[in-house]
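The tour moves from one selection to the next.

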Amino acid sequence: MFANGYVGSTEDSQRIRKLDKQRGEQRKKFEELQEKKRREAAGLRQFGSSRSEAYEAAFKNETVGLVTREEFLEKRNTIQDRLAEDELRERLEAEEAAAAEKERRKKEKEKKKAKAKLSFAADVS
């Protein structure tokens, strides 16, 4: 690990190993975030159908063979309700994910703060 001629104590080498391990963990997290961003960006580049087009296609499939106006209106309302439920569920999942991420960051911050406290702080009080 160390080049020839390294002069330092075992404490220094332990600290270097510890920092190297932390750097590796940070690098791993960074690469995971980059991969996640790449996957999300790839979805933006793809040309897909919009929600209204998906709604229209589902509506066309559901209305084939209907006889009365009431059946037509019922199917349209059903599909609109289903689409609204899907949008609501997606929005709630996104909010939950954001809240979980915020909570994780808060815990991480508190953990770092607790780690930074002096071990003899209780003796001072």
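**Stop one: a lysine on a helix**

Select Lys111; its place is in helix α3. Bear in mind that this is a predicted model. Is Lys111 buried or exposed? Its relative accessibility is 62%, so Lys111 counts as exposed, the cut-off for that class being over 50%.

**Stop two: the positive patch**

Together with Lys111, they form a positive surface patch. Which helix gives the most to this patch? Select residues 69-116: this is helix α3, and it contributes 3 residues, the most to the patch.

**Stop three: confidence**

Colour the protein chain by pLDDT. The chain average is 81. Residues scoring at least 70 make up 79%. Where is confidence highest, and where is it lowest? Helix α3 has the highest mean, at 88. Then select residues 121-124, which are helix α4.

**Stop four: the whole chain**

Switch to a cartoon view. The protein chain has 4 helices and 0 strands. Followed along the sequence, the pattern reads α-α-α-α.

Finish with a surface view. The protein chain exposes about 11900 Å². Carbon and sulfur atoms supply 52% of that area. How many of the residues count as buried? The protein chain has 125 residues, and 4% of them count as buried.

Conventions: Residues numbered from 1 in each chain as written. Predicted model: local features only at pLDDT ≥ 70, side-chain atom pairs only at ≥ 80, totals over all residues. Heavy atoms only, no water. Patch = residues over 30% accessible without salt bridge, like charges linked within 9 Å, V, L, I, M, F, W, Y side chains within 5 Å. Areas by Shrake-Rupley, 256 points an atom, 1.4 Å probe, with all protein chains shown as cover. Salt bridge = Lys/Arg side-chain N within 4 Å of Asp/Glu carboxyl O. Lys, Arg positive; Asp, Glu negative; His and termini not counted. Charge placed at Lys NZ, Arg CZ, Asp CG, Glu CD. Helix = DSSP H or I, 4+ residues; strand = E, 2+ residues; numbered from the N terminus. Buried < 20%, exposed > 50% of the residue type's maximum accessible area, 1.4 Å probe, protein only. pLDDT = per-residue confidence, 0-100.
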